[in-house]
Amino acid sequence: MGLFDRLFGGDASGDRGDRPGTEGAGTPGTDASGREGARTAGPTGPWRDGDGALATPRGVALFVDGPNVFREEFDVDFGDLRAAAAGEGEPSNGTGGELEHGSDIVTARLYLDEHATPGLIQAAEANGFRVVTTSGDVDVKLAVDVATFAAERRAATIAVASRDTDFKPALEAANEYGLRTLAIAPGSHGRSDALRRSADDAVTLGE
């Protein structure tokens, strides 16, 4: 079974709540404020403004595939990851076109397995990353979170740092929700052409 087939069948109950007041909000058939009849696109539905209108997505959501990025053959720095994501910016009008550089990162998440060292976890947290550790499949957890952010329109740009082609369907799903997508490769020899082609933009660290 491929990653895309497992995407919504995996455990999507992990870390959320990067935006205050949204965690656990809403139920099927309601929006985040509990109004009946609202159309929902994700576990809590799309974000809405105070008047109930769909909120315009802003900023960049950065998702890092730890086991594939933090390897001996790559010299990856947390600051470089954040700079690559923020530096690509977001559409100045929220719908495409000219980019605003230096956009806010609304969430930066590092996904790790049970083999991650305490030093890596501490370094990530010191650099403002939320660490998501799983004893299962890191790919599934990351992809589910990407899909959730996209469905709820919680960021204008979805950035995925990896060399794993398994995340191609997740980026394509974000594109279908009208969000910009960015593929970040950990190095020139750690690039996935399929992942780059599925994203609106691509960055290779060290180039």
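Strands are DSSP runs of at least two residues, numbered from the N terminus. Arg109 is found in one such run, strand β4. The model described here is predicted.

The protein has 207 residues, and 47% of them count as buried. Its secondary structure comprises 7 helices and 8 strands.

An open sheet of 6 strands was identified. The strand order is β5-β4-β1-β6-β7-β8, and the pairing is parallel. Strands β5 (130-133) and β8 (201-204) stand at the edges. Each edge strand has a single partner, so one of its sides is left without a neighbour in the sheet. Neighbouring strands are turned by 20° against each other on average, direction ignored. Strands of a sheet pair through backbone hydrogen bonds, either parallel or antiparallel. Within this sheet, β6 and β7 (residues 180-185) run parallel and are joined by 5 bridges. Val160 stands opposite Ala183 of β7.

Helix α5 packs on this sheet. The helix touches β1 (60-65), β4 (105-112), β5 and β6. Its direction makes about 170° with that of β1.

Salt bridges were searched for across the whole structure, and 7 were found. Side chains of opposite charge can pair when their charged atoms come close. One of the bridges links Arg109 with Asp145. The closest N and O atoms of this pair are 3.2 Å apart. Arg109 belongs to strand β4 and Asp145 to helix α5, so the bridge ties together parts that are 36 residues apart in sequence. The side chains of Arg109 and Asp145 also make a polar contact, at 3.2 Å. Buried means a relative accessible area under 20%. Arg109 has a relative accessible area of 0% and is therefore buried. Asp145, at 2%, is buried as well.

Lys141 has a relative accessibility of 8% and so counts as buried.

Another salt bridge joins Glu152 to Arg154. Here the closest N and O atoms are 3.4 Å apart. Both Glu152 and Arg154 are buried. Elsewhere, Arg71, Glu73 and Arg163 are linked in a network of salt bridges.

Arg153 lies in the loop between α5 (138-152) and β6 (157-161). The phi of Arg153 is near 55°. This is a positive value in a residue other than glycine. Most residues other than glycine have a negative phi. Arg153 is partly exposed, with a relative accessible area of 25%. This value falls in the class between buried, under 20%, and exposed, over 50%.

Ala170 was examined in helix α6 (residues 168-176). Ala170 counts as buried, because its relative accessibility is 3%. Its neighbours within four places in sequence were left aside in the contact analysis. On that basis, Ala170 is in contact with Ala143 and Val146. Ala170 and Ala199 are 29 residues apart along the chain. The C-alpha atoms of Ala170 and Ala199 are separated by 9.9 Å.

Technical notes:
Residues are numbered from 1 along each chain as its sequence is written. This is a predicted model: local features need pLDDT of at least 70, side-chain atom pairs count only at pLDDT 80 or more; totals for chains, interfaces and linings use all residues. Side-chain values use heavy atoms; hydrogens and water are left out. Helices (H or I, at least four residues) and strands (E, at least two) are DSSP runs, numbered from the N terminus. Buried means under 20% relative accessible area, exposed over 50%, partly exposed in between (1.4 Å probe, protein chains only). Two strands pair if DSSP finds at least two bridges between them. Axes are lines fitted to C-alpha atoms, for helices over the stretch in contact, and angles run from 0 to 180 degrees between N-to-C directions. Contact means heavy atoms within 4.5 Å. A salt bridge is a side-chain nitrogen of Lys or Arg within 4 Å of a carboxyl oxygen of Asp or Glu. A polar contact is a pair of N or O atoms within 3.5 Å; within protein, one must be able to donate a hydrogen and the other to accept it, and residues adjacent in sequence count only if both atoms are side-chain atoms.
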